[in-house]
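Visitor: I am new to this structure and would like a close look at a single part. Could you take me to one helix and its surroundings, and explain the terms as we go?

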Amino acid sequence: MFVMPTIWRGVALTECPPQAVANSGRFDSMLGGAFGVIGRNEQIGPALGNEIILTTFLLLVVCMTAVNEETKSHLAPICIALTVAINILAGGSISGPCMNPARAFGPAVIANHWLYHWVYWVGPLIGCLISSILIRFVIGGRAIRLFLK
């Protein structure tokens, strides 16, 4: 008897549009709406650096907790989810972090907004290179590491 009101209350609270509870500026920058965050050429450097750093952290966490045989953990999904959440909170106002070119490409196609879109491709690609170099040369498992064996 109490189950249905609880379910409907949960649906009503979780399915309300986020725009209804946040002003447009905060919605664009904090909830992944990356298109409104970079508005001037002066913001390209910090946004690109933000994408590089956040993608590097995310890939290091993924590779070290879910892929590497020596450091694999059962808590990998929680670590990855917390890293994504922290990255969004830390870099939301700087670049509206995507950390994945596919994550940026879909909304750009739908919104037909391509201004400064290259930041969301170049940043994660450089972040991938940095994290793969770190894992391959310094902090990866002994089988894949080239130095410090």
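Guide: Happy to! A residue is called buried when its relative accessible area is under 20%, exposed when that area is over 50%, and partly exposed in between, using a 1.4 Å probe and protein chains only. Helices are DSSP runs of H or I with at least four residues, and strands are runs of E with at least two, numbered from the N terminus. Please keep in mind that this is a predicted model, in which local features need pLDDT of at least 70 and side-chain atom pairs count only at pLDDT 80 or more, while totals for chains, interfaces and linings use all residues. Residues are numbered from 1 along each chain as its sequence is written, and side-chain values use heavy atoms, with hydrogens and water left out.

Our part is helix H5, which covers residues 101-111 and has Pro-101, Ala-104 and Ala-108 as buried residues. Looking down the axis of H5, you would find its buried residues within an arc of 70 degrees, so they line one face of the helix; the arc is taken from the directions that run from the helix axis to the C-beta atoms. Ala-102 and Ile-110, on the other side of H5, are exposed. What do the buried residues of H5 pack against? Their partner is helix H6, residues 119-139, where contact means heavy atoms within 4.5 Å.

Now the two ends. At the start of H5, Asn-100 brings a side-chain oxygen to within 3.1 Å of the backbone nitrogen of Ala-102. This is a polar contact, meaning a pair of N or O atoms within 3.5 Å; within protein, one must be able to donate a hydrogen and the other to accept it, and residues adjacent in sequence count only if both atoms are side-chain atoms. After H5 comes Asn-112, with a positive phi near 55 degrees.

Further along, His-117 sits in the loop between H5 and H6. His-117 is buried, with a relative accessible area of 6%, and its side chain makes a polar contact of 2.7 Å with the side chain of Trp-121.

Finally, Ala-104 also belongs to the largest nonpolar core, which has ten residues, including Tyr-116, Val-119 and Tyr-120. A nonpolar core is a set of buried Ala, Val, Leu, Ile, Met, Phe, Trp, Tyr and Cys residues joined through side-chain atoms within 4.5 Å. Helix H3 (44-67) and H6 each supply at least two residues of this core, and H3 gives the most, with four.
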